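Subject: Structure for your review

Dear colleague,

Please find below the sequence and the structure that I am handing over to you. My notes on what was found follow directly after them.

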Amino acid sequence: MIERSRFKRASYRAIRALCRLACVTLFQIRCAGHQHVPAEGGVLVCSNHQSYLDPILLGLGFRRHCNYLARDTLFRFGPFGRLIAFVDAIPLDREGGGLRGLKETLKRLKHGEMVLIFPEGTRCHDGNISPLKPGFLVLARRSGAALLPMALDGAFAAWPRRAWIPRPGVVRVCIGEPISAEKAKTLSDEQLLAEVESRIRACHAEARRRRRGD
């Protein structure tokens with residue numbers, strides 16, 4: 001694990017508490033499947049992507065510190081940039097191929113950290129899941145981290161692509177059973193990609209069912 005000062009750990013917990021209060025108030029957020037989160041070791045969290053809010057909404061489902069990737073341009077936005085740097089977001093330079101960000105992601109996974117990624121590659125256009133891109137498999141193979149599927153529903157309705165700001169809504173999050181590194185080694189890339197996508201889709205279906213109260 002990466003060593004963090006007591007001040008930084010306390011600040012992270014305080015920020016999480018404030019985010020939780022805001023998300024419960026605005027989005028009535030609920031999360032199922034906490035028991036599936038590995039207590040230790042590197043974890044590559046793979047989720048669907050509905051809105052800019054997703055890293056916050058998904059991160060509330062973990063007691064552990066969770067890292068996430070952010071476009072390097074976001075670090076230039078004054079207080080917001082300093083905030084995401086403070087919580088250890090990983091800068092991703094898309095124009096440069098993102099190599100530096102991927103190396104840092106791999107480093108953190110090997111140090112036993114949790115890192116959240118969105119295998120779809122971008123936010124969805126209609127609230128549904130697009131086919132996953134296979135790039136994350138390299139991180140999974142080289143890091144030896146467990147793969148944790150999860151999904152959320154309701155974030156797209158709260159903050160669709162064309163909206164400038166989010167609006168109140170109902171969001172549900174579902175965490176699935178992890179795929180261990182040992183299990184991943186027995187699968188080909190095609191099989192592993194299909195397995196991760198299947199589990200994310202199952203989590204999404206459950207999150208949507210819970211959101212609709214079925």
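The buried residues of helix H1 are Ser11, Tyr12, Arg16, Cys23 and Phe27. These residues lie on the same side of H1, because they cover an arc of only 140 degrees around its axis. Please bear in mind throughout that this is a predicted model.

The partners of that buried side can also be named. The buried residues of H1 pack against H2, E3, H3, helix H6 (155–158) and strand E7 (172–175). On the other side of H1, the exposed residues are Arg6, Phe7, Arg13, Leu18, Leu21 and Thr25. The length of H1 agrees with expectation: its 22 residues should span 32 Å at 1.5 Å a residue, and its end C-alpha atoms are 31 Å apart.

Just after H1 comes Gln28, with a positive phi of about 50 degrees, although Gln28 is not a glycine. Gln28 belongs to the loop between H1 and strand E1 (30–32). With a relative accessible area of 41%, Gln28 is partly exposed. A second residue other than glycine with a positive phi is Asp88, where the value is near 70 degrees. Asp88 sits in the loop between H3 and E4 and counts as buried, at 12% relative accessibility.

Helix H4 can be described along similar lines. H4 has 12 residues, and the distance from its first C-alpha to its last is 17 Å, close to the 16 Å expected at 1.5 Å a residue. Its buried residues are Gly101, Thr105, Leu106, Arg108 and Leu109. Why do they lie on the same side of H4? The reason is that they cover an arc of only 165 degrees around the axis.

The face of H4 turned away from the buried side carries the exposed residues Leu99, Arg100, Lys103 and Lys110. Just after H4, Gly112 has a positive phi of about 85 degrees.

The largest pocket holds about 1,600 Å³ of space. Its lining consists of 47 residues, of which Pro55, Tyr68, Leu69, Ala70 and Phe118 lie nearest the centre. The elements that each give two or more residues to this lining are helix H1 (6–27), helix H2 (54–59), strand E3 (66–71), helix H3 (78–86), helix H4 (99–110), strand E5 (114–117) and helix H5 (136–143). Among the elements, E3 gives the most, with five residues. By class, the lining of the largest pocket has 30 nonpolar, eight polar and nine charged residues.

The second largest pocket contains about 280 Å³ of space. Which residues lie nearest its centre? They are Arg4, Arg9, Tyr12, Arg13 and His65, from a lining of 16 residues. H1 gives the most to the lining of this second largest pocket, with five residues. The lining of the second largest pocket divides into five nonpolar residues, one polar residue and 10 charged residues.

Yours sincerely

How values were computed:
Residues are numbered from 1 along each chain as its sequence is written. This is a predicted model: local features need pLDDT of at least 70, side-chain atom pairs count only at pLDDT 80 or more; totals for chains, interfaces and linings use all residues. Side-chain values use heavy atoms; hydrogens and water are left out. On a 1 Å grid over the protein atoms alone, a cavity is a set of points where a 1.4 Å probe fits but cannot get out, and a pocket is an open set with protein on both sides within 12 Å along at least five of seven lines; lining residues have an atom within 4 Å of a point. Grid points are joined across faces, edges and corners, and a volume is the space filled by probe spheres set on the points. Helices (H or I, at least four residues) and strands (E, at least two) are DSSP runs, numbered from the N terminus. Ala, Val, Leu, Ile, Met, Phe, Trp, Tyr, Cys and Pro count as nonpolar, Asp, Glu, Lys and Arg as charged, and the others, Gly among them, as polar. The expected span of a helix is 1.5 Å times one less than its number of residues. Buried means under 20% relative accessible area, exposed over 50%, partly exposed in between (1.4 Å probe, protein chains only). The arc is that of the directions from the helix axis to the C-beta atoms. Contact means heavy atoms within 4.5 Å.
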